[in-house]
Amino acid sequence: MTRRLAVGLLIISLAQFLVPLLPVLGLGESIGSRATSGGRPPELPPGPFFSIWSVIFLAYFIFALLAVLKPSYLERRLGGALLLAGVGNIAWMLSAQLVGNQLLDFLLLWPILAFAWTGARRLHRMGGFDGTWRRANACVLTGLWSGWIAVAVSISVPATWRVLTGLGPSDDVWISLWMALVSAGLLAWLFASRVSASVLFFAALAWGLAGVALNNWYLTGMHWLSGASLLAGGYILWRRARHGARAAFE
């Protein structure tokens with residue numbers, strides 16, 4: 001890992017903490033504020049569930065700090081992919097705050113997923129967790145990030161569909177919910193079968209689906225949708241526990 005790359009990681013890690021604060025300075029809108037401007041959609045977790053980003057950002061900062069102060073093969077192997085994922089994340093946050101175009105936001109999520117999953121795959125091929133706290137931090141970073149960006153993509157699918165069809169958040173709620181749940185299931189299968197055996201991916205995914213269930217139980221009042229979310233999430237976790245993960249390169 002070059003010194004320039006390590007410093008870039010550190011700068012990106014700090015920027016990810018600072019960019020969401022731009023609305024405090026009067027620049028743009030808070031991330032997610034437009035998602036509920038016309039009513040609350042069935043697939044959107046409540047705000048506190050997005051606090052998982054703080055864990056991801058903290059793990060990213062620790063990873064970047066180690067890359068600058070005491071780099072090892074771990075940082076050299078994962079650094080490039082995670083740097084690009086961080087750059088993509090900042091681009092997505094700026095777009096969500098300053099532009100507010102759902103189609104653009106949806107497209108910007110895919111590079112983040114690709115690079116976060118690349119980091120997870122590389123870590124898996126290195127053996128995953130090896131008992132050290134340095135490796136544990138990398139597992140938290142790649143696993144939670146890979147899982148949560150899968151949640152972000154999944155809940156963006158129905159939001160993008162509504163924009164393309166001109167529907168509102170309360171229109172065809174069952175279709176919107178199932179678009180999100182099926183997307184989450186497909187991404188979970190793809191991750192476990194082609195990328196990594198990380199259980200933290202499924203922890204982040206379960207956290208997101210629990211948020212979808214609570215959203216429909218307490219905020220939208222559509223209890224049947226809440227039950228469907230729990231059943232879908234339970235099936236995804238059961239399948240992972242029952243069949244495990246078999247990455248293609250193994």
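Helix H2 covers residues 52-69, and its 18 residues should span 26 Å at 1.5 Å a residue; the end C-alpha atoms are 26 Å apart, which agrees. The expected span is 1.5 Å times one less than the number of residues in the helix. Helices here are DSSP runs of H or I with at least four residues, numbered from the N terminus.

This is a predicted model, in which local features need pLDDT of at least 70 and side-chain atom pairs count only at pLDDT 80 or more, while totals for chains, interfaces and linings use all residues. Residues are numbered from 1 along each chain as its sequence is written, and side-chain values use heavy atoms, with hydrogens and water left out.

In H2, the buried residues include Trp 53, Phe 57, Tyr 60 and Phe 63. Buried means under 20% relative accessible area, exposed means over 50%, and partly exposed lies in between (1.4 Å probe, protein chains only). The buried residues of H2 pack against helices H1 (3-18), H3 (73-99), H5 (133-165) and H7 (199-219).

Helix H5 is mostly covered, since 26 of its 33 residues are buried. A kink of about 25° lies at Val 157, shortly before Pro 158; the bend is the angle between axes fitted to the seven residues ending at a residue and the seven starting there. Just after H5, Gly 166 takes a positive phi of about 75°.

The largest nonpolar core has 67 residues, and Trp 117, Trp 145 and Ile 149 have the most contacts inside it. H5 gives the most to this core, with 13 residues. Such a core is a set of buried Ala, Val, Leu, Ile, Met, Phe, Trp, Tyr and Cys residues joined through side-chain atoms within 4.5 Å. Leaving aside neighbours within four places in sequence, Ile 149 is in contact (heavy atoms within 4.5 Å) with Trp 53, Leu 109, Ile 112, Leu 113 and Trp 117.

Two further residues may be described. Gln 97 is placed in helix H3 and counts as buried because its relative accessibility is 1%. The side chain of Gln 97 reaches the backbone oxygen of Val 19 at 3.2 Å. Leu 209 lies in helix H7 and is buried, with a relative accessible area of 10%. The C-alpha atoms of Leu 209 and Leu 44 are separated by 9.3 Å, although these residues are 165 residues apart along the chain.

Note on methods: Helix = DSSP H or I, 4+ residues; strand = E, 2+ residues; numbered from the N terminus. Polar contact = N/O pair within 3.5 Å; in protein donor to acceptor, adjacent residues only side chain to side chain.
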